[in-house]
Structures are given as C-alpha cells and as structure tokens.
Amino acid sequence: QVQLVESGGGSVQAGGSLRLSCAASGYTYSNTCMGWFRQAPGEEREGVASIYTPGGNTYYADSVKGRFTISQDSAKSTVHLQMNRLTPEDTAIYYCAAAAGTLRTSYRLHPGSYSVWGQGTQVTVSS
C-alpha cells in the first residue's frame, strides 16, 4: 500500500524555523517527483516546493524562495522541508505528495499533478 506520512509540524513564533519530514513507503521511491503543498483555512491548496528523487532537482514557489529548502534522504525514502524565517502567512496544513515520473516545470507545484498524498501536518506561526 502506497503511503506518505508527514511529521514535524507545530507552533512557532514569527522568525522561527521548523523542519517537516515525509516518509514514503509501499512504492518505488526512485524516479518520483515529491512535493510539499499547504492549505490555509478558506484557501486553495498551493504548491510550496518539489524535488525529484533521486536526482535532487528542486523547484520552489516564489513566496518561499530563500526561506524554505526541500531535500531528500534516499536511504530512508524521506523528503524534508526546512522552513526558516517563518511568518504568520505560512500558517497552514502542510501536505506531502508524490507523482510518478517527470513533470513539466509549470506543473511541478500543481496539486492535480500528484496522485499520492499524506494526511497533512499543521504549522502555526504566531506574530
């Protein structure tokens, strides 16, 4: 059974940092595009960052460039999202997702491109 499990969410003050993790199991981890998405109350789900495994090519939303870093630990089939200089606008449920194969750049942060999703982890940033 294909499964993605996120961890690492929590509450932090503005300017702080959090590190999210996504553990993948039940499918071939290689040749996969892994993505992080977030959804705030009343908002649409938006892409934050993606990475190809095992190649490591990354892609970010403009809103998080320079603050968030996506990385992989292939040995553990895990993808991380390091979030620095957090602001209240980053408050949302963060989801990990997987898409088989290669995606066009313009689709790498589109939720519809991903077929496997985790359950989400809450990130709350207070001012």
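Biologist: Which residues does Tyr114 touch, leaving out those up to four places away in sequence?
Modeller: Cys33, Met34, Gly35, Phe37, Ser50, Ala97, Ala98, Ala99, Leu103, Tyr107 and Arg108. Contact means heavy atoms within 4.5 Å. This is a predicted model: local features need pLDDT of at least 70, side-chain atom pairs count only at pLDDT 80 or more, and totals for chains, interfaces and linings use all residues. Residues are numbered from 1 along each chain as its sequence is written, and side-chain values use heavy atoms, with hydrogens and water left out.

Biologist: Is Tyr114 buried or exposed?
Modeller: Buried, at 5% relative accessible area. Buried means under 20%, exposed over 50%, partly exposed in between (1.4 Å probe, protein chains only).

Biologist: Where is Tyr114 found?
Modeller: In the loop between β9 (92-100) and β10 (116-117). Strands are DSSP runs of E, at least two residues, numbered from the N terminus.

Biologist: What lies 2.6 Å from a polar atom of the Tyr114 side chain?
Modeller: The backbone oxygen of Arg108.

Biologist: New topic. What is the strand order in the open sheet?
Modeller: β1-β3-β8-β7, with antiparallel pairing. Strands pair if DSSP finds at least two bridges between them.

Biologist: Which strands stand at the edges?
Modeller: β1 (3-7) and β7 (68-73). Each has a single partner strand, so one side of each lacks a neighbour in the sheet.

Biologist: How many bridges join β1 to β3?
Modeller: Five, and β3 covers residues 18-25. Ser7 has Ser21 as its bridge partner in β3.

Biologist: And Thr78, buried or exposed?
Modeller: Buried, at 10% relative accessibility. Thr78 is in β8 (residues 78-83). A polar atom of the Thr78 side chain lies 2.9 Å from the backbone oxygen of Lys76.

Terms used
Helix = DSSP H or I, 4+ residues; strand = E, 2+ residues; numbered from the N terminus. Polar contact = N/O pair within 3.5 Å; in protein donor to acceptor, adjacent residues only side chain to side chain.
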